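Biologist: Hi! Could you walk me through this one? I'd like to start with the aromatic residues and then move on to the charges.

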Amino acid sequence: MCIARGEDYTGRVLKRAVVVAAFALALSRCANQAPRDAPDAAPPDTSPPRCGVRFDPGGAVRVRSSEEVTLRVVLAPPESGAEVRFGLLGDARDASLSGMRGESDGAGVATVHLVAPSGPGSFRVRASRACGAEAQVTVDVSDRGFGGLDVVAAYRGARQPTGLVVNLYRAPGCDALVGLEPDRSARLPPAGGRVEFRGLPAGVEHVVRAVVEGNRALVLASGCAGTWRVESDRSAEATLLFNDNPLRLGAVYDLSLAFDLGAVAARAAARWRAPVEAELASAGGEGLFLGVELAPAVGAAAPPGLGPAAQVAFERAVRERLAMEVSMALVRSDRLLGTLFGRLAEATAASLGSVRAHGTLEVTTRDGDVEAPLHALTYTLDPGTPEVRGDDVLTVAEGTGVVSFTRAAGDGVDVRLAAAPAPFTALSLSALAATLARLRVTQASEYVALAVCPLVAPILRPAAGACDEACLQAACRVSVQRLGRAFEAAVAASEPRRAAVDLRFSAPAHAPPGELLIDRLAGPAVGAFRDSPDPPVAAVAEVTLQTPVEP
């Protein structure tokens, strides 16, 4: 908002009216803009200028309202006929310059005439050259003298800034800064410090606003105080308190859940082995179960016509003495059928003690609620062998879950996972498959038969007639297969309603230094399986949300 004029100063009143009108138009256009908190000088160019320029003298210029002054600019190195561009910065109101361009004389000096505004204030005059060099000088205008304002701006918040910028405005209050440029600006280190503004026009109200900057001049926190009416030849003191800007969620997060389903699986393990225990109990014991199950094989191996008698004789021998011998041998060797299936159930449950789930969240804001749909999770089970690589089992679970975020005290965030897919039955079957793979077998009955049948066959052989040890072991494996099918069916039928979990946790948000974008939320979450019988089955997990790591 400057008006170029020649050396003839006639018509100044008319030109001032034009300036005031232009100023009012510009102010109306800026009515909906935020205050521009910028330091005096733009960030320096990385390439060194090929020339220099400075005001002489270089200190602040103090003038009365409407006073005319001549400003001198010195070029380095001295150059004759070089163009220098001039401009007004800040709230110059109806101030004017004699021209927007000037040329240096033989001594390398360029001049411009300034007419001060008709009221008190502060603004800046800039001189620049085509090579990129520029200089600024502050002009303070007052008819009642000048005073000062000392500002103490110490940041003690939770952000990690790169610096502070303290801005001084000529305004009646903090809520009147919209669209205004600061009269003065000063930079401070990240911890803050003290700024002394001198040469302020007396009788004018000022407001101080400071911003805590992060990376890329991101405003991490701000504080505003005022107003102060400057008194001539005196300095007032202002202390700024800062309010941290809230951290904000990003658009995409990697979700990780580390479940401990061991307690839930331990209760389920009792149900898994229950059919086996019931079958053995109904047979009258493990020795009788095996003897009765193997009797048809003994009869089938006998010569034609002798099968029924051979089977009856075998069953009699089993009931009289062999069943006890088999049971005692299984006890001594710790190979009871119920014990082996029980160990398999416990190993499967233990595999569920280390379950990890991973998914991707796309955060959206709808009607003020911040949430993210959770359509699928990929579960990874480590079958009790964290030191072994390559034996993990993957299970993909789909669902219609939702993750919602609510701001808590400070930088805290409450996170709720509603109906997160967690198919307990599928995970149990995967855990059983992983456990069997670690034992190098494909079926539960195979694991038990390998331990039991070679021990039982020699004991029963004396009463088996034509059924040799290979015959007895084959029949033993068939008998154990029936128990194995009952065991695996129990695992497949365990808790079919436990297909999703509700979890909740609160955690302080974390952002990288100099940033406001949350890059990590982590904490222990508690909740329960959905649709589980009373009382609800508890679920516990360590939850981590992390911004994706770029490759």
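Modeller: Happy to. First a term we'll need: a residue is called buried when its relative accessible area is under 20%, and exposed when that area is over 50%. Also keep in mind that this is a predicted model.

Biologist: Got it. So which of F341 and F487 is buried, or are they exposed?

Modeller: F341 is buried, and F487 is buried too.

Biologist: And how do their rings sit?

Modeller: The ring centres of F341 and F487 are 5.6 Å apart and the planes meet at 45°, so this pair is tilted. An angle over 60 degrees would be needed for edge-to-face, and one under 30 for stacked.

Biologist: Where are F341 and F487 in the fold?

Modeller: F341 belongs to helix α5, residues 337-351, while F487 belongs to helix α8, residues 469-492. The pair therefore ties together parts that are 146 residues apart in sequence.

Biologist: Nice. How many aromatic pairs does the structure hold?

Modeller: There are 4 aromatic pairs. One of them is Y155 with F242: the ring centres are 5.8 Å apart and the planes are at 85°, so that pair is edge-to-face. Y155 is in the loop between β10 (146-154) and β11 (163-169), and F242 is in the loop between β16 (235-240) and β17 (243-244), so this contact links parts 87 residues apart in sequence.

Biologist: Are Y155 and F242 buried or exposed?

Modeller: Y155 has 6% relative accessibility, so Y155 counts as buried. F242 comes out at 16%, which means F242 is buried as well.

Biologist: Let's switch to salt bridges. How many does the structure hold?

Modeller: The structure holds 26 salt bridges. Take D150 and R198: their closest N and O atoms are 2.6 Å apart. D150 is in strand β10 and R198 in strand β13 (residues 192-201), so the pair ties together parts 48 residues apart in sequence.

Biologist: And what about accessibility for that pair?

Modeller: D150 is at 9% relative accessibility and so counts as buried. R198, at 35%, counts as partly exposed.

Biologist: What about one inside a helix?

Modeller: E325 pairs with R321, the closest N and O atoms being 3.9 Å apart. The two are 4 residues apart in helix α4 (residues 307-332), so about one helical turn separates them. E325 is partly exposed at 37% relative accessible area, and R321 is partly exposed at 42%.

Biologist: Last topic, the whole chain. What's the overall picture?

Modeller: The chain has 8 helices and 26 strands. Of its 551 residues, 46% count as buried. Among contacts between residues at least 6 apart in sequence, 71% join residues at least 24 apart.

Biologist: And the surface?

Modeller: The accessible surface is about 26200 Å², and 54% of that belongs to carbon and sulfur atoms.

Terms used
Residues are numbered from 1 along each chain as its sequence is written. This is a predicted model: local features need pLDDT of at least 70, side-chain atom pairs count only at pLDDT 80 or more; totals for chains, interfaces and linings use all residues. Side-chain values use heavy atoms; hydrogens and water are left out. Buried means under 20% relative accessible area, exposed over 50%, partly exposed in between (1.4 Å probe, protein chains only). Contact means heavy atoms within 4.5 Å. Accessible areas come from the Shrake-Rupley method with a 1.4 Å probe; for residues, only the protein chains shown count as cover. Rings of Phe, Tyr and Trp (its six-membered ring) pair if their centres lie within 6.5 Å; planes under 30 degrees apart count as stacked, over 60 as edge-to-face and the rest as tilted. A salt bridge is a side-chain nitrogen of Lys or Arg within 4 Å of a carboxyl oxygen of Asp or Glu.
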